[in-house]
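Q: I would like to learn how to read strands and hairpins. Could you walk me through some of them?

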Amino acid sequence: MSEEPPQGANNRMFNGPGGYRGAPKMVLGASPPPVTITKVFDAWNEMIENENQSLRDRVADLEKKVHEQTDEIMCLRSTLADVLRRISTIEGARALANNHAGGRATPTKDTVRLRHNNSDSARDVSKRASSYLPGRSPSSTQIRGAHEASKPFNSSPHLRVTFSRRGVHYQSTSSLYSDGHSSSSVSPAPSPSPTQANNPHPVHTARHTTPSPSPFASPARPHQLGVLNKRWASTSDFATPAHHQYHHLAPSPTPTNSQLARRPNSGSLHNLNHLRSSNSQLNLSRHGAKEAQYNGEEGIVKMYLRGRPINLYVPTPMRETYVPNGPSSSPPAKLKLEWVYGYRGRDCRNNVYQLPTGEIVYFVAAVVVLYNVEDQMQRHYLGHTDDIKCLAVHPNKLLIATGQTAGHDRRDARSWRLNPPSDPLSPEAEEWPHIRVWDSVSLNTLHVIGISDIERSVACLAFSKADGGSLLVAVDEAPDHNMSVWDWSRGERGYKLLETKCSADQVLAVDFSPVDRSTIITCGKNHISFWNYESGMLAKRMGVFENRERPKYVTSISFTDTGNVISGDSNGNLLIWQRGGNTVYKMVRGAHDGPVFSILVQKDGGIITGGKDGRIVEWDRDLERTGNVIEIPEQYGSPRVVTSGRGSQLVVGTTRNCVLGGTFTFPLRPVMQGHTEELWALAPHPGHHQFLTAGYDRTCYLWDTMAHTIVWSKDIGEHAQSAAFSNNGEIVIIGTTSGRWFVMDSETREMYSQHQDGNEPIQVLKFSPNGQYLAVGSRDNNIYIYQVSEDCRKYTRVGRCQAKVRRARYQSASSVGHSSFVTHLDWSADSQFLQTNSGDYELLFWNAGLCRQIAQTSQMRDVEWATQSCTLTFATLGIWPEGTDGTDINTCAKANQMDLLATGDDFGKIKLFASPACQQRARCLEYGGHSSHVTAVGFLQDDSRMISTGGRDTAVMQWVVSSNSSSSHR
């Protein structure tokens with residue numbers, strides 16, 4: 001029987017919770033047995049230790065339940081947001097149908113568009129979505145702005161605005177919510193609507209409200225108030241009343257001080273929603289090179305490219321009335337981004353996540369794709385101006401941060417400090433690297449941060465987790481690899497808490513600890529670093545490998561539920577770093593045969609890793625193999641990122657730009673596939689809703705535009721440069737960079753023959769309208785003509801249109817034919833003639849049957865051309881921007897049944913013109929999304945969709961072509 005020690009002894013023996021602090025002094029005259037006292041102390045210590053352990057277990061269980069309930073709450077909130085989005089889609093569709101009921105056809109599923117100023121439900125969604133923002137509540141000013149946003153934008157015929165030539169900034173939203181099977185959505189512009197000149201009835205917008213003062217508010221932007229410097233194209237243009245859409249486009253006066261003072265705090269969702277609806281109203285820009293000169297007597301218009309004159313012959317019916325700088329027609333149709341094919345996994349990490357709503361979020365080019373695989377529906381965030389390099393999801397699973405690289409005008413690595421823009425708050429400034437924080441439900445841009453702070457590109461970023469995501473850390477790809485920590489929700493541009501040099505070597509990943517708010521981990525070449533953020537300072541400790549082999553790269557990091565760090569390296573090893581320390585706690589050698597690209601810690605503590613060896617391996621919480629392994633087929637590449645899907649499903653992004661889905665039980669299947677290298681060849685099918693693409697990855701894909709899937713793929717073994725379908729669609733021709741071209745069956749992929757024309761790339765392939773000839777344009781300056789027979793399976797060379805030198809008697813030599821490589825060609829409607837462009841800005845005409853150049857080009861002024869792919873013709877005079885060098889526009893295509901002309905340029909822009917675009921400064925619609933030069937555009941046979949391909953961004957974009965109803969009134 002044990003004795004209970006006296007109360008005073010307890011206080012002396014136990015100084016503090018759960019620990020023995022020494023025996024009490026013995027009272028004189030008392031002499032208890034020493035053995036009995038020792039047993040009492042041991043029993044007492046054991047009891048206290050048991051109580052402490054039980055308390056720790058109970059606390060751990062409570063923390064686990066809290067995390068589970070937090071996940072459930074996030075899922076419920078996300079599901080509610082998704083339901084509200086779908087309800088708003090239906091209500092918006094009904095409202096739009098009612099608006100079009102009077103005298104107009106009911107809009108179809110593909111043409112229904114929802115705007116904030118069309119239904120109150122759309123504004124309600126924005127109000128509800130804003131409730132989760134930390135430390136934010138809608139003010140009365142913001143509410144008034146939201147109500148004013150519902151009023152018509154272009155209510156006055158005296159609205160005057162000007163537009164810039166190029167550059168995408170705040171993209172507006174064509175459809176904020178999903179339309180049918182697809183929805184293209186873009187972020188709002190935190191830039192003002194155009195001001196009004198000489199109008200007694202001012203436009204009612206949120207611009208007329210006064211923001212509440214804030215110590216963190218950004219300064220006003222004078223340039224945004226006086227002139228709508230809209231350097232991008234939205235998918236919602238021409239939504240204004242038709243009668244006043246183009247008549248009063250003129251520069252607006254300089255804004256007054258009172259106008260400058262009326263700039264609202266666009267960090268509010270209400271103001272952003274209003275700006276989004278207002279900025280998406282109108283986007284017409286005017287283009288023009290050096291002033292063209294017209295000789296009415298000879299019917300010749302002379303245009304200039306880089307100072308070089310080019311003579312173009314005006315068709316006879318237009319000779320009397322043609323004016324080079326006359327008014328041009330508006331495009332008869334507009335585009336809406338429907339689907340994006342591709343994913344960027346070849347050089348990016350941690351960029352695939354599944355949201356609680358079931359959407360998979362990833363990026364390619366300058367587009368963030370939210371893809372619902374079950375519903376076969378895509379939404380798109382188009383707020384970025386150039387290549388997106390990284391992505392992070394907020395702990396609430398609703399907010400997303402994405403970082404981009406420098407824009408096209410900043411690719412020469414000039415730093416902000418050495419060559420800053422004239423105005424850091426101008427739209428031009430957003431061509432610089434920056435981070436955008438946006439709402440995944442409404443696709444509203446909430447904050448744009450890092451402008452002037454990030455020099456080259458955002459390499460990686462992450463939200464904090466232990467404090468609910470109030471901080472954001474980002475690493476720059478500049479030589480110093482600076483790391484900055486942001487209070488991202490503080491002001492429109494965020495607030496930088498601190499910045500420090502991270503590493504002299506490449507940084508691959510950064511992350512916050514899920515249990516310690518002040519702990520940040522970075523890894524990369526030759527290092528893994530443990531950072532502690534305290535009192536505005538960052539303390540750095542390098543990882544110590546001790547006697548273990550130091551890897552060249554630490555390629556991936558993750559956290560266990562207890563806060564330990566798991567790292568994977570280029571040697572294929574896994575290491576566990578004890579929480580709070582910088583030494584290795586445990587090591588697993590040879591986890592993968594090569595670098596470990598991804599580490600996923602599941603909710604139950606299990607671990608899944610993916611490596612360059614193409615294997616996905618499952619481990620238990622003690623890093624013991626469970627025996628579950630997935631071998632990814634070589635055609636899909638190695639797993640670059642592995643993330644959790646619904647239930648036990650996995651979502652995998654690969655190094656060959658594929659997104660896969662599946663489990664350890666069921667094999668992975670492709671969710672999205674794309675090209676892996678520069679993309680050049682595009683050929684729409686002449687009879688089906690299909691198109692073919694090919695590029696430098698030696699692979700040809702046939703895509704189905706309705707099912708949004710790959711029909712088949714073919715490895716041709718060479719870099720592809722061009723492609724063309726025969727007129728019946730049964731044969732496809734693939735041109736390569738080696739001068740070889742293949743004849744292939746479009747259904748069975750059987751190779752019938754191959755031909756060689758020179759050793760230079762085959763730039764263009766095109767069948768004559770009657771199907772009897774094939775023209776092959778080469779980079780060796782020649783055009784080869786072939787006669788087609790045996791159902792397009794046999795090709796016999798007729799001749800070669802080449803450069804020759806004529807020497808007349810007593811005269812100097814003169815050249816005939818192209819003196820540079822052929823870039824474009826078109827057949828005449830009667831299949832007798834060709835018109836061709838070359839790299840030195842020539843427009844030549846040829847007799848195809850004789851392979852002879854037509855020297856009297858004036859005879860060709862009235863020839864009807866079957867296609868319009870040549871960029872230097874009279875019909876395309878108006879597509880050339882001011883100051884162009886002749887190489888800015890890469891591709892051109894005319895619709896088959898509409899008077900519509902599309903172009904793609906070096907700045908990633910797609911432009912729509914009315915055809916013919918024969919007036920300088922022709923009106924156009926401009927669209928962004930590509931982050932590289934647009935190499936090809938093409939319309940399907942029924943003009944229902946247009947396809948565009950990016951060069952190095954490897955993206956293929958599918959656009960819905962919808963008629964512009966306002967053009968019918970003009």
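Q: In the hairpin of β48 and β49, which residue takes a positive phi?

A: Keep in mind that this is a predicted model. The residue is S831, with a positive phi near 65°, and the hairpin has five residues between its strands. Strand β48 (residues 822–827) pairs with β49 in the antiparallel sense over five bridges. Within this pair, H824 stands opposite N837.

Q: What does β49 form with β50, and how many residues lie between them?

A: They form a hairpin with four residues between them, and Y841 in its turn has a positive phi of about 65°. As for the pairing, strands of a sheet pair through backbone hydrogen bonds, either parallel or antiparallel. Here β49 and strand β50 (residues 843–847) are antiparallel, with five bridges. T836 stands opposite L844 in β50.

Q: Which residues point one way from β49, and which the other way?

A: In a regular strand the side chains alternate between the two faces of the sheet. From β49, F833, Q835 and N837 point one way, while L834, T836 and S838 point the other way. All of these are buried, and strand β49 (residues 833–838) is mostly covered.

Q: Why is strand β56 described as largely enclosed by the rest of the structure?

A: Six of the six residues of β56 (residues 934–939) are buried, so the strand is largely enclosed. Five bridges join β56 to the antiparallel strand β57 (residues 945–950), and I947 in β57 is the bridge partner of G938. In the hairpin of β56 and β57, with five residues between the strands, D943 takes a positive phi near 60°.

Technical notes. Residues are numbered from 1 along each chain as its sequence is written. This is a predicted model: local features need pLDDT of at least 70, side-chain atom pairs count only at pLDDT 80 or more; totals for chains, interfaces and linings use all residues. Side-chain values use heavy atoms; hydrogens and water are left out. Buried means under 20% relative accessible area, exposed over 50%, partly exposed in between (1.4 Å probe, protein chains only). Helices (H or I, at least four residues) and strands (E, at least two) are DSSP runs, numbered from the N terminus. Two strands pair if DSSP finds at least two bridges between them.
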